[in-house]
Amino acid sequence: MENSEGVKIESTVVTEEPLISALDIALFVVIITVAYFWYFKRDKQSSSSEKKPYTIQPSSLSSIEQTSNSSFIKKLKSTGRSLVVFYGSQTGTAEEFAGRIAKEGARYKMKGMVADPEECDMADLVEMKEIQKSLAIFCIATYGEGDPTDNAMDFYEWLQNGDADLEGLNYAVFGLGNKTYEHYNEIAIYIDQRLEELGATRVHEIGLGDDDANIEDDFVSWKEKLWESVCSHYGIEETGEESNIRQYKLVDCSEVLPERIFSGEISRLKSYENQRFPFDVKNPYLSKIAVNRELHKSGDRSCMHIEFDIDGSKMRYDTGDHVAVYPKNSSELVDKIGELLNADLDAVFSLLNTDEESSKKHPFPCPCTYRTALTYYLDITSNPRTHIMKELIEYASDPKDQEKLKLMASSTPEGKKEFHEWILRDNRNIVHILEDLPSVKPDLDHLCELLPRLQCRYYSISSSPKVYPKSIHITAVLVNYTTPTNRVNKGVATNLLAQLIPTNDELPQPTIPIYIRRSQFRLPPKSQTPIIMIGPGTGLAPFRGFIQERDYARKEGREIGEMVLYFGCRKKDEDFIYENELQEYVANGTLTKLHLAFSRDQPEKKYVTHLLEQNADELWNIIGEKSGHLYVCGDARSMAKDVHSIIVKVVMEKGRMTNSQALNYVKKMEQQKRYSADVWS
């Protein structure tokens, strides 16, 4: 039976089964479906990845706007321009100079534009030769320890790493630096030389501006000779037209809703009400003042110890970093400008760039009130530059005031002398000028266009995050001085900080916008490495953090190297700041030696430099025999230079080297980060 059933079954299979079974069909459908989705999904992803660089940008701009903004060549061609002025600026001065050059280009039949290299594809420089009689000018500042400014970093690296053919590019460079610093105008000099190496043609020799002397004079003198070279190179003549063309136009914003009006924010509207990490130069953190106490024991000067609360901000800092503080101008000066110009400071306005192709639509956050602009955005306490004198001429109704302004705006020896004496020596700001030239009544919106941006102030952090992870400490001297015209000028930031005194816990604590700027001023990686710290006055600030960090390591049981501190002030009983702290560090062994110089406690003045010369053996033992590190913080103009000379002398004598060998030895220390300076002028 089984056999017959088996045969029957076999017979049934043979006669009834189709060529393709249902199972085969199902499998086939599944395979086709999978293949279909795999193919089209892959194609979609491929298409998406190909489009990604053009459709997804790291900003709020559309892809078309991004492409347009990055191609300065397209802007030049589409607007019939032949002059582009790039700026590398950290404080706004280089940007201001760039704007003045671009504006003057019209007098030489060269329509110009200002460009931020960070927002441009600098590889397009190779295409400048396609524009007839074109010229690229670079106003470049050197920042920190011979570094490019933040917005010029990418361009600098492109020049270093690339080998573009820049033949046909005509260029000129003006550098902004400070002779008290070792790396004077280093970035501008490099860019000038590198452009020539890549085949570009230098139309005019590099200009080197010295901010320690009179950078305005340096710039004006270079600019005049620049245009002479430009006329000669291109065979053109000056048109002679000198009209004050406005870069921005006034827009009445009286109907703008209150919630759309800026009230002091640096970039993002309502950023102080809705704080968002990360915090940086355009998005500072509104920090509470936790501590504000006087450090001087007596005398008529003031030095403040201030602690910024950063708890919950996610901000992190390293010992040796700087903190940037955003100040605001005094209401007294702001009100004075409104009074002198008979202006409504609470009127809401905006300034809109007349150049539609410019990426910079406003000179500062707009719309806002005039009071906000003068308080938070504009520098009304510094000495105005000559171009402001020139722009004020048309607003002077008294011929005498007109002539005085014309003289100071001119480049004649008499004009330069008058500007130096009346503006720089007498230390006049815009308020003083309006007071002393009463017939000068500029439109307030034009004045807002002319004045430079109010800049944040940087302070060396005087604490260690190992000890104070939730706060940042600074040490700041209150700046107040009487000018030759018997006016009292006050430091914008320090006088504001002096008013921010913490109250009891029941009341809101005073706040101020800050952010952290990274520094290369660092302790050695190994805690056993011996160090020498030279910091008179508030130059002690970063070393307080250094000592705290080493003390923390010692308490953890780690071995720490010798720490030698040179500190100086006027009088022990007046301005010996952090005296108790320092003596305690000496007592517990963290601070190996504390050398003190009180300049006015004896008939002959005594400074830290005198002590350094006396302790030549100790200096050489640490930096020569033990390969230790040496740090200097404070005044760059005299103290830091004197220290450098003494170190070279010690290396010569104790290391038995020639002057040339000693200089090379110290230079090598600097390259190895064994000799570091955090100085200011």
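1. Both F364 and Y377 are buried, a word that stands for under 20% relative accessible area, whereas exposed stands for over 50% and partly exposed for what lies in between (1.4 Å probe, protein chains only). The model is predicted, so local features need a pLDDT of at least 70 and side-chain atom pairs count only at pLDDT 80 or more, while totals for chains, interfaces and linings use all residues. Residues are numbered from 1 along each chain as its sequence is written, and side-chain values use heavy atoms, with hydrogens and water left out.

2. Aromatic pairs come next. A pair of aromatic rings is described by the distance of the centres and the angle of the planes. Rings of Phe, Tyr and Trp (its six-membered ring) pair if their centres lie within 6.5 Å; planes under 30 degrees apart are stacked, over 60 edge-to-face, and the rest tilted. The count by this rule is 25 aromatic pairs. One of them joins F364 and Y377: the ring centres are 5.8 Å apart and the planes lie at 20°, so this pair is stacked. F364 belongs to the loop between β12 (348–353) and β13 (368–369) and Y377 to helix α10 (residues 370–377), so the pair ties together parts that are 13 residues apart in sequence. The helices (H or I, at least four residues) and strands (E, at least two) are DSSP runs, numbered from the N terminus.

3. What is the arrangement of the rings of F546 and Y631? Their planes are at 80° and their centres 5.1 Å apart, so the pair is edge-to-face. The pair links distant parts of the chain, 85 residues apart: F546 sits in helix α17 (residues 541–555) and Y631 in strand β22 (residues 629–635). F546 has a relative accessible area of 0% and is therefore buried. Y631, at 0% relative accessibility, also counts as buried.

4. Further aromatic contacts deserve mention. F72, F86, F138, F155 and W158 are linked into a cluster by ring pairs. Two arginines lie over ring faces: R428 over W422, at 3.9 Å from the ring centre, and R517 over Y458, at 3.7 Å from the ring centre. A charge sits over a ring if NZ of Lys or CZ of Arg is within 6 Å of the ring centre and within 35 degrees of the ring normal.

5. Most residues other than glycine have a negative phi, and most peptide bonds are trans. The bond from F277 to P278 is cis, with omega near 5°, and P278 is in the loop between β8 (248–252) and β9 (285–294). The bond from C366 to P367 is also cis, with omega near 0°; P367 is in the loop between β12 and β13.

6. K673 is in the loop between α23 (659–671) and β23 (675–680); at 42% relative accessibility, K673 counts as partly exposed.

7. Strands of a sheet pair through backbone hydrogen bonds, either parallel or antiparallel. Here six strands form an open sheet with antiparallel pairing, in the order β14-β11-β18-β9-β10-β15. Two strands pair if DSSP finds at least two bridges between them. The edge strands, β14 (457–460) and β15 (471–477), each pair on one side only. From one strand to the next the twist averages 40°. Strand β9 and strand β10 (residues 303–309) run antiparallel and are joined by six bridges. H305 in β10 is the bridge partner of R293.

8. How do helix α9 (residues 331–340) and α10 pack? Their axes are 10 Å apart, at an angle of about 135°. Axes are lines fitted to C-alpha atoms, for helices over the stretch in contact, and angles run from 0 to 180 degrees between N-to-C directions. The two helices, α9 and α10, are therefore oblique to each other; angles under 35 degrees count as roughly parallel, over 145 as roughly antiparallel, 65 to 115 as roughly perpendicular and the rest as oblique. The crossing of α9 past α10 is right-handed: a crossing is left-handed if the near helix is turned anticlockwise from the far one by less than a right angle, and right-handed if clockwise.
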